[in-house]
Amino acid sequence: MEFPAATSFAGFTTLLQKECMRFIRVAGQTLISPLISVSLYLLIFGINLADKIANQNGVNYLQFIIPGLVALALLNNAFQNASSSIIISKFHGDLQDLKVVPLTPSQIVWAYAFAGTIRGFLVGISVACIGEIFYVVQYGELLVVQNWLQLCWFLIAGGVTFSLLGLSVALFANNFDQVSAVGTFVILPLIYLGGVFFSIANMHPFWKMISYANPLLYLINGIRYSFLGVSDIDPSRAFLLTLFFVAGAYLLARRMVQVGSYTRF
Amino acid sequence: MESPLLIDDINKSFDQVEVLKSLRFELKTGEIFGLLGPNGAGKTTLISILTSLLAPSSGTAAIFGNDILTQSLQARKKVGVVPQEIVSHGFFTVNQVLNFHSGYYGLRKNQERIDYLLEKLALAEHQNKLVAQLSGGMKRRLLIAKALVHSPPLLLLDEPTAGVDVELRHSLWRFVRELHKDGMTILLTTHYLDEAEELCDRIGVLSKGELIALDETKKLIHDLTHRQVILTLTQPLESKPALPEMQVNKNIVKVNIAHQETVGELIKKLAIPLEWIQDVSITEGSLEDAFVSLLKQHTR
């Protein structure tokens with residue numbers, strides 16, 4: 001009896017492909033649905049209320065919230081992708097496959113990180129396109145990205161960090177409620193208070209000081225700086241901190257892959 | 001040649017309750033080994049340890065010489081596992097699930113093997129259906145196909161026929177025999193003792209986490225059971241039973257005898273005239289009898 005030889009990189013690419021196919025199969029929920037809420041934000045805040053809201057960081061409000069909404073969509077979807085995939089697998093009982101097959105913890109971590117980032121990217125780019133349409137209709141010109149390289153870095157760093165956080169939370173959770181609680185009570189407030197809709201320059205010094213402790217402030221402002229060239233945060237500081245966030249989230253996710261719960265719900 | 005599976009002093013406790021106690025045994029290449037035991041004996045815990053789902057409290061095991069703790073990846077490549085519980089894969093079709101599972105083992109282009117398994121397990125016509133649309137029996141067969149997709153030399157079957165109909169059970173037996181014929185080593189846990197008796201070369205019996213018996217199936221049955229001789233007489237036997245394990249019901253006499261004892265010797269012992277004997281039937285002991293006897297001895 002002959003047993004075929006196997007290559008280890010193929011295990012990683014298979015898991016990545018499976019995770020991408022999963023969110024594409026339910027594209028209505030994963031890719032289309034986030035665009036509806038973003039379009040409403042743009043219409044209500046960016047168009048209807050824009051004249052009543054003061055310029056933020058020296059740019060008009062529609063300009064200001066487009067990069068914020070791109071960041072919101074990217075981070076939220078990256079988190080959701082990894083966490084919902086793991087939770088559904090726990091429900092179906094096939095998560096234990098990952099323990100049985102010859103995949104290393106790093107391969108599992110990066111497969112989920114890249115899949116979440118790809119989904120976040122797709123939604124983020126779609127949001128940017130919708131934002132451009134709104135901007136062109138409103139002002140008759142395109143909103144030009146100031147620095148593509150920086151934008152790519154902050155999008156990748158944000159997507160990877162939030163995918164890894166989603167993976168960690170889902171592996172830690174013993175039921176649906178725990179994941180939902182972390183998403184609702186921790187991640188969502190951090191995203192919204194991280195400067196998606198407002199500049200922290202306008203805040204009371206006390207709240208400003210608290211905002212500096214919010215890691216999302218750096219990701220969101222990094223994305224905004226890449227788009228518009230304006231930011232509440234020094235971009236080089238944001239770059240270094242996001243590097244640190246990626247490393248921290250990776251170590252946490254790797255640990256959770258090793259010790260987390262694979263038990264069926 | 002390395003042993004397919006060497007279990008070396010494995011202990012496992014949950015909250016100070018010992019579930020496996022100093023378990024040691026070895027599988028021989030190409031055999032079907034049955035691991036039997038009542039519910040809670042520790043069979044699934046052992047399978048979970050062997051497949052990296054649980055860590056042992058102490059001790060270890062080696063799969064073809066690869067330690068499951070220190071050479072886990074190499075060990076995992078050589079084993080296929082059919083879990084006890086049926087799992088679902090809501091988003092994907094049967095063919096996709098098998099391709100993904102194959103890919104995890106590094107085999108991205110393995111459609112020939114997948115087609116072979118789909119055919120063998122009567123799943124070919126369902127290969128484009130979502131797993132959620134399959135019946136319980138089909139899902140069970142898919143689990144077996146998944147476990148075999150990378151052609152592992154060692155297969156762990158954790159109650160593979162639990163809850164399946166008789167026809168499917170028998171077709172799975174035939175398939176297991178084919179795998180055995182191809183040289184695969186198989187560890188089978190089951191509650192169906194007829195299944196173990198039918199398929200297994202050797203049997204290990206677990207009770208409360210301890211291995212209380214390990215031998216060739218035939219020898220285990222031979223050593224732990226009696227033959228039952230049933231004599232139908234032409235007239236009722238009025239005298240008292242001459243042997244302690246003898247049951248008399250009018251003209252029917254049932255006696256358990258040791259395997260080496262002959263019916264002639266028995267009839268002499270009972271002092272029944274030969275012309276009274278209308279019919280003689282002999283029932284050999286089964287694995288079920290051996291299992292019950294063993295558990296009785298152990299719980300005494």
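Colleague: Which residue is the bridge partner of Gln228(B) in β14(B)?

Modeller: In β14(B), Gln228(B) has Thr283(B) as its bridge partner. Keep in mind that this is a predicted model.

Colleague: How do you know that β11(B) and β14(B) pair?

Modeller: Count the bridges. Two strands pair if there are at least two bridges between them. Strand β11 (residues 227-233) of chain B has six bridges to β14(B). The two strands therefore count as a pair, and the sense is antiparallel.

Colleague: In what order do the four strands of this open sheet of chain B stand?

Modeller: The order is β12-β13-β11-β14, with antiparallel pairing.

Colleague: Why are β12 and β14 of chain B said to stand at the edges?

Modeller: Each has a single partner strand, so one side of each has no neighbour in the sheet. The residues are 246-249 for β12 and 277-283 for β14. From one strand to the next, the twist averages 15°.

Colleague: What holds strands of a sheet together in pairs?

Modeller: Backbone hydrogen bonds do, in parallel or antiparallel pairing.

Colleague: What makes β1(B) and β2(B) a pair?

Modeller: Again, at least two bridges are needed. Strand β2 (residues 17-27) of chain B is joined to β1(B) by seven bridges. So they qualify, and they run antiparallel. Ser13(B) stands opposite Glu18(B) in β2(B). The hairpin of β1(B) and β2(B) has two residues between the strands. In this hairpin, Asp15(B) takes a positive phi near 50°.

Colleague: How do you know that β1 of chain B also pairs with β4 of chain B?

Modeller: Strand β1 (residues 5-14) and strand β4 (residues 58-63) share four bridges in the antiparallel sense. The cut-off is at least two, so this is a pair. Asn11(B) has Ser58(B) as its bridge partner in β4(B).

Colleague: What about β4(B) and β5 of chain B: how many bridges join them?

Modeller: Two bridges join β4(B) to strand β5 (residues 66-67), and the strands run antiparallel. At least two are required, so the pair counts. Ala62(B) stands opposite Asp67(B) in β5(B). In the hairpin of β4(B) and β5(B), Phe64(B) takes a positive phi near 50°.

Colleague: Why are α1(A) and α3(B) called roughly antiparallel?

Modeller: Look at the crossing angle. The axes of helix α1 (residues 8-25) of chain A and helix α3 (residues 94-104) of chain B cross at roughly 150°. Angles over 145 degrees count as roughly antiparallel. The two helices are therefore roughly antiparallel to each other. Their axes come within 7 Å. This contact has five nonpolar, six polar and two charged residues. Residues of α1(A) that meet α3(B) include Leu15(A) and Met21(A). On the α3(B) side, Phe100(B) and Tyr104(B) are among them.

Colleague: How many residues of chain A are in contact with chain B?

Modeller: In chain A there are 32, in contact with 34 residues of chain B. The chains bury about 3,000 Å² between them, with 65% of it on carbon and sulfur atoms.

Colleague: What makes the meeting of Arg264(A) and Glu85(B) a salt bridge?

Modeller: The side chains are 3.3 Å apart, N to O. The limit is within 4 Å, so the pair counts. Between chain A and chain B, the count is two salt bridges.

Colleague: How do you know that Lys120(B) and Glu178(B) meet in a salt bridge?

Modeller: Their N to O distance is 2.9 Å. That falls within 4 Å, so it is a salt bridge. Lys120(B) is in helix α4 (residues 111-120) and Glu178(B) in helix α6 (residues 166-181), 58 residues apart. Over all chains, the structure holds 15 salt bridges.

Methods:
Residues are numbered from 1 along each chain as its sequence is written. Chains are lettered from A and ligands numbered from 1 in the order in which they are written. This is a predicted model: local features need pLDDT of at least 70, side-chain atom pairs count only at pLDDT 80 or more; totals for chains, interfaces and linings use all residues. Side-chain values use heavy atoms; hydrogens and water are left out. Axes are lines fitted to C-alpha atoms, for helices over the stretch in contact, and angles run from 0 to 180 degrees between N-to-C directions. Angles under 35 degrees count as roughly parallel, over 145 as roughly antiparallel, 65 to 115 as roughly perpendicular and the rest as oblique. Contact means heavy atoms within 4.5 Å. Ala, Val, Leu, Ile, Met, Phe, Trp, Tyr, Cys and Pro count as nonpolar, Asp, Glu, Lys and Arg as charged, and the others, Gly among them, as polar. Buried area is the accessible area (1.4 Å probe) that two parts lose on being put together, summed over both.
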